[in-house]
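Hi,

Here is the structure I promised to pass on. Please have a look at it first; my notes follow below.

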Amino acid sequence: MDAPKRQQESAEENSMLQAALEYALLGWKVFPVLEPPVGTQFPRPKEEAIKKPRIKEWQHKATDDPRKIAAWWGKWPRANIGILMGPKSGIIVIDTDSEEGEEKFISLFGGPENIPETVKWRTARGNHYVFRWCDGLPADVLRRAHWPYTDSQGKKHDIDFKLGGNAGTYAQAPPSIHPRTGEQYQLVCDPEDFPIAELPDIFLANFYADTMGEGIEIGSSGEFEAKPDEYWKDIQSGVAEGGRNNAAASYAGKLLCAAECPNIESRVSVKSRWESLCFWNENYNKPPLSVSELRTTFEEILATERKKRSLSNMNQGLSHLVPMDPETGEPDHNCFVLAHYNSEPPMKLLYSSSFITGKYKAINKFLKIPPEDFPSGAKMRNVFATQLNPPMILNRKLLTPFWEGSKDNPSFAQILADDQIYIEAPDDEKRSHIILDVLYELAMKAKDSDENDYPDPSGVMTKRNDGSIYFKVRKILTSTEFMYFDDKVSERELSDVLGRIGVQVKNSRYGEDRKRVAKFRVITTESLHVMDALRDGSPSEDGFGTVDYILRQLVEKATAKNVSLQQLM
């Protein structure tokens, strides 16, 4: 192989790893997908153009851990990038592959003016729009759905909804190579510059209405009900007088069951199911029920389903978090150790043996909570959903009075806080000092700007003629120096350190035509002097904030508190 070609392939391999690491910084769960073989002639026959994950059980192994990602792409450096869809990554992708598909996409939002700006990439076939996952989408059943179109020439067009769910689905992301055409996925709206938009209510209403009205093909991980398919087909095709009330009650129960409506407390979820029921009634029943009759039926089924879920959640939800003391019948707070960790910034650490050996395991063996968030049931609900694997989704109406307290019950958070322990972080192991030290070393190695004195659009540290250094936070977090922290440095954490030393945010044009604009962080010469002055020696060999260090301290303090080591470990 000649040198230029090998250099090009090496650059492509590095770009795949770099992109995978940047997606992981967004919290997206990443895994490798089979790439086209070297020397492939494009276009390939459809039966050969296979999109296949390179790992088994990718639904469970997809990760944002940079060390695992680096290991995968070290083994398969040319692998395409797969991103798990659904609640774990917090995103979905809507893929349109034709003008007809794009028109249908626009109609779901009620017009182009209602489509929010969001992250987007493009292939030769069409656009891929990225939106935030929301409770209005059915996590437990719907994996993906298609609207099939056949034009006058007999060609089929699709919209592909990659939503996630228990059975899982994924999207390939830039700069992956399309296995059939050989063309590269192109990022049009970079997540560095565009926030990921939420789906508006009008989309969810139209989506559910069209689910029943357009014959969308739905992949599911389980049955909605035990009734046969023919039963639901008969109902969905409409019911005449005499059977409409019973049919409406059955269909409302189907729309609101746990499989199709996992979050029945969500206003958006319930509203979308109501609008689906109305669409069915108005378009298929001959004649339709009155709106008042239909609403009475829907509200009765909704109240019944909520009551059933409330009892189930009380037994199966909070009991996963806090086991009951068999002698008193009260929540057993002794199974927890709460620590106030004197780091920068300070953190609350919540530790329990159930987070290691139970069904819901803590990613870092304990939960890290900002002190101001700890008393809030709503904030802690998010902690349990994001720091436990699988995510623990607790009923907000049950958790909040339990955690914050009510007229009849004490605050569980306060019970834990009254008995908390304290862990001191030694001065020479302050985490911010290590982050600052790494930043300074990276700044000293910043590359020079190009002949036009433009910053590097990729976001690597670039030193300009005035001595200032331009970069993007997400880019440097994928550098080797940050990637191998035992306790991964977050974007928020790095931004806090940057703010303390006066690092600014500036817009800068780049590229030959200077038409593109991006936001960069800027370390001025004054900020460099501040960094140099604040550096207080190098970190210890063991590093600061590692999981092992904190666990040692927790065990030591818990022993003093007479909590059994067997229970802790």
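In this predicted model, helix α12 (residues 377–386) packs against helix α13 (residues 396–404) at an angle of about 115°, and their axes lie 8 Å apart. The crossing of these two helices is right-handed. On the α12 side, the contact is made by Gly377, Ala378, Met380, Arg381 and Phe384, while α13 brings in Arg396, Leu399, Thr400, Trp403 and Glu404. Sorted by class, that contact has 5 nonpolar, 2 polar and 3 charged residues.

Next, helix α4 (residues 99–108). Its buried residues are Gly101, Glu102, Lys104, Phe105 and Leu108. Why do they sit on the same side of α4? Because they cover an arc of only 160° around the axis. Glu99 and Glu103, on the other side of α4, are exposed. After α4 comes glycine 110, with a positive phi near 75°.

Finally, the nonpolar cores. The largest one has 32 residues, and Trp73, Ile81 and Trp121 are those that touch the most other members. Two or more residues each come from α1 (3–25), β1 (30–33), α3 (66–75), β2 (80–84), β3 (91–96) and β8 (170–173). Of these, α1 gives the most, with 6 residues. There is also a second, separate core of 25 residues, with Leu439, Leu442, Met461 and Leu477 among them.

Best wishes

Technical notes: Residues numbered from 1 in each chain as written. Predicted model: local features only at pLDDT ≥ 70, side-chain atom pairs only at ≥ 80, totals over all residues. Heavy atoms only, no water. Axes fitted to C-alpha atoms, helices over the stretch in contact; angles between N-to-C directions. Helix = DSSP H or I, 4+ residues; strand = E, 2+ residues; numbered from the N terminus. Left-handed = near helix turned anticlockwise from the far one by under 90°. Contact = heavy atoms within 4.5 Å. Nonpolar A, V, L, I, M, F, W, Y, C, P; charged D, E, K, R; others polar. Buried < 20%, exposed > 50% of the residue type's maximum accessible area, 1.4 Å probe, protein only. Arc of directions from axis to C-beta. Core = buried A, V, L, I, M, F, W, Y, C linked by side-chain atoms within 4.5 Å.
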